[in-house]
Amino acid sequence: MSDEVKTAEDIAQDYTAMGHSVDLINGIIDGTKMADESAEDRQGAVDRNVEHLELMVTKDYWTSEDMTAVNAAITAGKAHTAS
């Protein structure tokens, strides 16, 4: 099944949003984001953002975008347990 047709601008916005998820996951893991939130809230944010990245990385409209940081954040997020 093919994804919806996206403009270059739409694709760029999706990629930027993925970067925000990567930044949030990495920030929660390294303690620079959501540090004052409960472990449950931090874990929920990581889980939601990992799910978002897993969904987005499978889209068929990507061309030359580098998914290295996205895949690394997915792996790190899945391994993370907030405490």
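Contact is taken here to mean heavy atoms within 4.5 Å. The structure is a predicted model, in which local features need pLDDT of at least 70 and side-chain atom pairs count only at pLDDT 80 or more, whereas totals for chains, interfaces and linings use all residues. Residues are numbered from 1 along each chain as its sequence is written, and side-chain values use heavy atoms, with hydrogens and water left out.

The protein chain contains three helices and zero strands, helices (H or I, at least four residues) and strands (E, at least two) being DSSP runs numbered from the N terminus. Along the sequence, the pattern is α-α-α. A box of roughly 40 × 20 × 20 Å, taken along the principal axes, is filled by the C-alpha atoms of the protein chain. Of the contacts between residues at least 6 apart in sequence, 69% join residues at least 24 apart. The accessible surface of the protein chain comes to about 5,300 Å², and 51% of this surface belongs to carbon and sulfur atoms; accessible areas come from the Shrake-Rupley method with a 1.4 Å probe, and for residues only the protein chains shown count as cover. Buried residues account for 33% of the 83 residues in the protein chain, where buried means under 20% relative accessible area, exposed over 50%, and partly exposed in between (1.4 Å probe, protein chains only).

Met56 is placed in helix 2 and counts as buried because its relative accessibility is 8%. Not counting residues up to four places away in sequence, Met56 touches Asp14, Met18, Tyr61 and Trp62. Met56 and Asp14 are 42 residues apart in sequence, and their C-alpha atoms are 8.0 Å apart in space. His80, in the segment after helix 3, has a relative accessibility of 15% and therefore also counts as buried. Leaving aside neighbours within four places in sequence, His80 is in contact with Ile28, Ile29, Gln43 and Val46.

Charged side chains were examined next. The protein chain has 6 positive and 17 negative side chains, and the centres of the two sets lie 3 Å apart. Lys and Arg count as positive and Asp and Glu as negative, while His and the chain ends are not counted; the place of a charge is taken as NZ of Lys, CZ of Arg, CG of Asp or CD of Glu. Side chains of opposite charge can pair when their charged atoms come close. The structure holds two salt bridges, each defined as a side-chain nitrogen of Lys or Arg within 4 Å of a carboxyl oxygen of Asp or Glu.

Asp14 counts as buried at 15% relative accessibility, whereas Lys6 is partly exposed at 23%. Lys78 forms a salt bridge with Glu54, with the closest N and O atoms 2.6 Å apart. Lys78 lies in helix 3 (residues 68-79) and Glu54 in helix 2, so this pair ties together parts that are 24 residues apart in sequence. Lys78 is exposed, with a relative accessible area of 55%, and Glu54 is partly exposed, at 29%.

A negative surface patch is formed by Asp36, Glu37, Glu40 and Asp41. Patches consist of residues with over 30% relative accessible area and no salt bridge, like charges being joined within 9 Å and nonpolar side chains (Val, Leu, Ile, Met, Phe, Trp, Tyr) within 5 Å. Glu40 lies in helix 2 (residues 39-57) and counts as exposed because its relative accessibility is 68%.
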